[in-house]
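Me: Could you walk me through this structure? I'd like to go over the folding elements and their packing, one topic at a time.

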Amino acid sequence: MRIVLVGPPGAGKGTQAAFLATNLSVPHISTGDLFRANISNETELGTLAKSYMDRGDLVPDEVTIAMAKDRMEQSDAADGFLLDGFPRNVQQAEALDDMLQTEGMKLDGVLDLEVPEDEVVKRIAGRRVCRNDSSHVFHVSYKPSQKEGVCDLCGGELYQRDDDSEDTVRKRLEVYHTQTEPIIDYYKAQGLVVTISALGKVEEVTQRAMEALGSKA
Ligand code: AP5
Ligand code: ZN
């Protein structure tokens, strides 16, 4: 299956993607994680991306689309993928459609995670991620690690993302409303969108998501 996950910052896209990708046997492709890996490896792309991410702005389309395309062309994504954080504006959605069309492929569904803003703020404020791998995600109250400050998965140090400060989160939410939400209408016009509530326990949301995606399989 080829699925796009959409939802505000802190909705739980990364958390759900990890379970959904396993259940659907497709790779989880997160442009945010790809950028963060570039930042920790101190690549040129990482330096460029960091200057936008720290302000809560989108990284320019040209580099983002090239990076996402490169990842989607890897062999593990040949039969499907779960995109998390891409596309993030209508131009990126159009570029993805063009890419898929060239290969004779199409998306199967777009899963829209709905969460009220006050919950998103709580989720982001308590989020801690692993220095070794930003897909290792915890929360100080909702999903605490067994040992404070230490990743249960790899023993790495847990830290608060640079873009999780209050000001940057406000900016990211604004960018989400103005630039990313329009892709929901873009995909609704293609009949691809299923919307679910992302409130409740992580496993309850996964269950809801699997049922919703079942209608698109
Ligand atoms: P990105 O990394 O994609 O950030 P985001 O979209 O803002 O999403 P988050 O990672 O903040 O949240 P999430 O929805 O994954 O939530 P999570 O599962 O962690 O992008 C970062 C930046 O990169 C962007 O601002 C931009 O600059 C750049 N970028 C990325 N893609 C781009 C693109 N395509 N174009 C241009 N620029 C791009 O969960 C949050 C917390 O809540 C965690 O602590 C978790 O444990 C907890 N939690 C999750 N589910 C639950 C639950 N059900 N109950 C209680 N707690 C929960
Ligand atoms: Zn880790």
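Me: What sort of model is it, and how are things numbered?
Reply: It is a predicted model, in which local features need pLDDT of at least 70 and side-chain atom pairs count only at pLDDT 80 or more, while totals for chains, interfaces and linings use all residues. Residues are numbered from 1 along each chain as its sequence is written, and chains are lettered from A and ligands numbered from 1 in the order in which they are written.

Me: OK, sheets then. What is the strand order in the five-stranded one?
Reply: The five strands form an open sheet in the order β2-β3-β1-β4-β8, with parallel pairing. Helices (H or I, at least four residues) and strands (E, at least two) are DSSP runs numbered from the N terminus, and two strands pair if DSSP finds at least two bridges between them.

Me: Which strands are at the edges?
Reply: β2 (28-30) and β8 (193-197) are the edge strands, each pairing on one side only. Neighbouring strands of this sheet are turned by 25° against each other on average, direction ignored, where axes are lines fitted to C-alpha atoms, for helices over the stretch in contact, and angles run from 0 to 180 degrees between N-to-C directions.

Me: How many bridges join β1 to β4?
Reply: Four bridges join β1 (residues 2-6) to β4 (residues 109-114), and the two strands run parallel; I3 stands opposite G109 in β4.

Me: Which helix packs on that sheet?
Reply: α1 packs on the sheet, touching β1, β2, β3 (81-84) and β4, and its direction makes about 175° with that of β3. Contact here requires that the C-beta atoms of two residues, placed from the backbone, lie within 7 Å.

Me: And the sheet of three strands, is it parallel or antiparallel?
Reply: That open sheet has the order β6-β5-β7 with antiparallel pairing, and its edge strands, β6 and β7 (158-159), each pair on one side only. β5 (residues 127-130) pairs with β7 in the antiparallel sense over two bridges, and V129 stands opposite Y159 in β7.

Me: Switching to helices: how do α1 and α9 cross?
Reply: The axes of α1 and α9 come within 10 Å and cross at roughly 50°, which makes α1 oblique to α9. Angles under 35 degrees count as roughly parallel, over 145 as roughly antiparallel, 65 to 115 as roughly perpendicular and the rest as oblique. The crossing of α1 and α9 is right-handed; a crossing is left-handed if the near helix is turned anticlockwise from the far one by less than a right angle, and right-handed if clockwise.

Me: Which residues make the contact?
Reply: T15, Q16, F19, L20 and N23 of α1 meet V202, V205, T206, A209 and M210 of α9. By class, the contact of α1 with α9 has six nonpolar, four polar and no charged residues, with Ala, Val, Leu, Ile, Met, Phe, Trp, Tyr, Cys and Pro counted as nonpolar, Asp, Glu, Lys and Arg as charged, and the others, Gly among them, as polar.

Me: What about α2 and α3, left-handed or right-handed?
Reply: α2 passes α3 in a left-handed crossing, and the contact brings F35, N38 and I39 in α2 against L45, G46, A49, K50 and M53 in α3. The residues of this contact divide into five nonpolar, two polar and one charged.

Me: Now the ligand. How many residues surround ligand 1?
Reply: 35 residues surround ligand 1, and the closest are P9, G12, G14, G32 and G85; a residue is near a molecule if its C-beta atom, placed from the backbone, lies within 6 Å of it.

Me: Which elements give two or more residues to that shell?
Reply: They are α1 (13-24), α2 (31-40), α3 (44-53), β6 (137-139) and α9 (202-214). The shell around ligand 1 divides into 13 nonpolar, 13 polar and nine charged residues.

Me: Last topic, the backbone. Which peptide bond is cis?
Reply: The bond from F86 to P87 is cis, with omega near -5°, and P87 is placed in the loop between β3 and α5.

Me: And what is the phi of S25?
Reply: S25 has a positive phi of about 55° although it is not a glycine, and this residue lies in the loop between α1 and β2. Most residues other than glycine have a negative phi, and most peptide bonds are trans.
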